[in-house]
Amino acid sequence: MKELYKIKEVDVRRVLGKSRLADYVINPYIGCLHGCIYCYAEYLTRKIYGVREEWGRYLYVKKNLTKVLERDIEKTKRGRVILSSLTDPFQERYPIDLGEVVEILLKNGFKVTILTKSAMIRDVYDVLSLNSGNEVGTTIVTLNEAWKKIEPGAIDPYLRLKTLGDAPSNVDTFLMIGPIIPYINTHEDFVRLLKMAKEMRVERIYLDKLRSKPGLLSKMMKFYREIGIEIRRNPFQDTDYFQRVKRDILRLATEMKLEVHALF
Ligand code: SF4
């Protein structure tokens, strides 16, 4: 029988890398079992590591993560570290002790940002709250049922927001609405999402749009067929749609007194 998931442990030589999202990044895994169809990490992981497995079906666990991290930070200038950019740092099928990683970073004067679609972030809330200036964020594409096809391995987006709402008071929270996938959300869907973000006291919201990458168009067309939406044009090129949605969200955010930053 074909293995559903391929999980294995690997040793790495470096764990702290440079990042455009913060000063540094730590990716505790190679691959991600959340398997989001829009994931840009799929393409980059294939390019960097040459992995040819199906995205969302493999996970390589960096077994010597903490040991290498302690060595990596010795000669590194202090700054902000994001977990993660090419994977979700919390993988339910093979969890690792991220509390230890966060503790090492905080003890050594780093600030930490965690971006996740998992409720396991709760396990590190206590450690994160030891110092001020740390942040947690989550990503939501839609609150409607389509999320199950878009992010098959992640938890319900309502739970993601609820988890964010339970973050300690000295940990900042942010929500990434994105990527905005054309035609799957109504105006009411965005109203619900922003209202819930307000209720959960999310401090900042970012908006980003679906961007093209090799192989994504055919995946998106399959997804649209599966949910019964007929597509007559390339959704990546529907500039009018993206601009209309952006205006709508910015207007709603102003009415609700929410801080929103559009990244397109
Ligand atoms: S959770 Fe993030 S890294 Fe994992 S598949 Fe989804 S978008 Fe990619």
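Trainee: What distance separates the centres of domain 1 and domain 2, taken over C-alpha atoms?

Mentor: Domain bounds come from an automatic or database domain assignment. Here that assignment gives domain 1 (1-133) and domain 2 (139-264), and their centres are 23 Å apart over C-alpha atoms. This is a predicted model, in which local features need pLDDT of at least 70 and side-chain atom pairs count only at pLDDT 80 or more, while totals for chains, interfaces and linings use all residues. Residues are numbered from 1 along each chain as its sequence is written.

Trainee: How many residues does the contact take from domain 1 and from domain 2?

Mentor: Two residues are in contact if their C-beta atoms, placed from the backbone, lie within 7 Å. Domain 1 contributes 18 residues and domain 2 contributes 23 residues.

Trainee: What is the secondary structure of the chain?

Mentor: The chain has nine helices and eleven strands. Its radius of gyration is 19 Å, close to the 18 Å that the globule rule gives for 264 residues, so the chain is as compact as a globular protein of that length. The radius is taken over C-alpha atoms, and the rule is 2.2 Å times the number of residues to the power 0.38.

Definitions and conventions
Helix = DSSP H or I, 4+ residues; strand = E, 2+ residues; numbered from the N terminus.
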